[in-house]
Amino acid sequence: IHGVGLNHTMWKLQKDYFNKKSNVYYDLLNHGKTKKKYNEINFKNFNNQIIELISYLNIKKFNLIGFSLGALIAQHFASNYNDRINKLIIIASVHSRSHEQKIKVKKRYTLSLNGKSIADDSIKRWFNSNYLNKNPLVYKYFFDILKKNNPNHFLPAYKLFVESDKYKINFLKIKKPTLIITGENDIGSTPEMSLILSKKINKSKIYIVKKAKHMCIYEKAKKINSEIDNFIST
C-alpha cells in the first residue's frame with residue numbers, strides 16, 4: 001500500500017526484486033487510476049477497498065506491506081481483519097506524534113490546501129541530498145507524480161494522514177508476526193515512533209535503516225527488500 005499523494009508505481013524496485021513471487025500493487029482511493037469520488041475519506045474506506053480487491057482476486061490470506069499512510073492503513077486493516085493476514089510489514093509509519101510534529105505536518109497540509117506546491121520540500125525530506133544529486137531522474141520521477149496530483153483528490157487522504165492520531169488502533173488485535181521498518185534519519189516517522197509501536201504489537205521486530213530518511217524503501221531498496229524477503233520466508 002503506497003503513501004499519500006503517490007501511486008503503486010513507487011514500488012518499482014520491489015516489483016523488480018519480488019518479480020517471481022505473487023504480488024498485488026494497487027492505487028489507493030482518490031489516487032492513481034482508482035475512483036476519485038471521495039470528498040472525505042477514512043480508514044474504513046481504505047480497508048473496504050482491500051477487502052473488495054482480495055475478494056475480486058480470490059485471495060484468502062496474504063502478507064500485507066504498507067508505506068507511510070499505507071502503513072497506517074495496514075495497521076487498521078490488521079486490527080480488524082487479523083485472520084486474513086500471514087505477516088505484516090509496516091514501513092515509515094507515524095505514531096503518537098508530538099505537538100511539534102503535529103504542527104509541522106498540519107502546516108504542510110495547509111499549504112497544499114491553499115494551492116501551494118510542497119512537492120520539492122517533500123522529496124527533499126524523503127531522500128538524502130547526496131542521493132538526489134546523484135540520481136536526478138529519481139527526483140524528477142517523484143516530482144512529476146506529486147505535481148500531477150489534483151488537490152481535490154489527494155487532499156482528503158492527506159487530511160486523514162494529518163489527523164491519523166484521532167483514529168485509534170487496537171494493537172492487541174494484531175497477532176501476526178510484524179516487521180517495523182523506518183529510516184534512521186526520518187524526521188516524520190521516527191525510529192522512536194517505531195520503538196513505541198514495537199512495544200504495542202506482539203510478535204514484532206524492528207529494522208532501522210542506517211543513513212536513510214522517509215523514502216528508505218526506494219533509496220535503500222536492496223537492504224529493505226532483502227530484510228522483507230527474509231521476514232516473509234521464515
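**Reading the helices of a predicted model**

Tutor: Let's open with helix 7 (residues 136–147): its 12 residues reach 16 Å from first C-alpha to last, close to the 16 Å expected at 1.5 Å a residue. The expected span is 1.5 Å times one less than the number of residues. Helices (H or I, at least four residues) and strands (E, at least two) are DSSP runs, numbered from the N terminus. This is a predicted model, where local features need pLDDT of at least 70 and side-chain atom pairs count only at pLDDT 80 or more, while totals for chains, interfaces and linings use all residues. Residues are numbered from 1 along each chain as its sequence is written, and side-chain values use heavy atoms, with hydrogens and water left out.

Student: Which residues of helix 7 are buried?

Tutor: Buried means under 20% relative accessible area, exposed over 50%, and partly exposed in between (1.4 Å probe, protein chains only). In helix 7 the buried ones are Val 138, Phe 142, Ile 145 and Leu 146. They cover an arc of only 100° around the axis, so they sit on the same side of helix 7; the arc is taken from the directions from the helix axis to the C-beta atoms. Turned away from that buried side are the exposed Pro 136 and Leu 137.

Student: What do the buried residues of helix 7 pack against?

Tutor: Contact means heavy atoms within 4.5 Å. Here the partners are helix 5, helix 6 (129–134) and helix 10 (216–219).

Student: How do I read the crossing of helix 2 and helix 3?

Tutor: Axes are lines fitted to C-alpha atoms, for helices over the stretch in contact, and angles run from 0 to 180 degrees between N-to-C directions. Under 35 degrees counts as roughly parallel, over 145 as roughly antiparallel, 65 to 115 as roughly perpendicular, and the rest as oblique. The axes of helix 2 (residues 43–56) and helix 3 (residues 69–80) come within 9 Å and cross at roughly 75°, so the two helices are roughly perpendicular. Among the residues that meet are Phe 46 and Ile 50 in helix 2, with Leu 72 and Phe 77 in helix 3.

Student: And what about phi?

Tutor: Most residues other than glycine have a negative phi. Asn 30, though not a glycine, has a positive phi near 70°, and Asn 58 has one of about 60°.

Student: Are Asn 30 and Asn 58 buried or exposed?

Tutor: Asn 30, in the loop between helix 1 (12–17) and helix 2, is buried at a relative accessible area of 2%. Asn 58, in the loop between helix 2 and strand 1 (62–67), counts as exposed at 53%.
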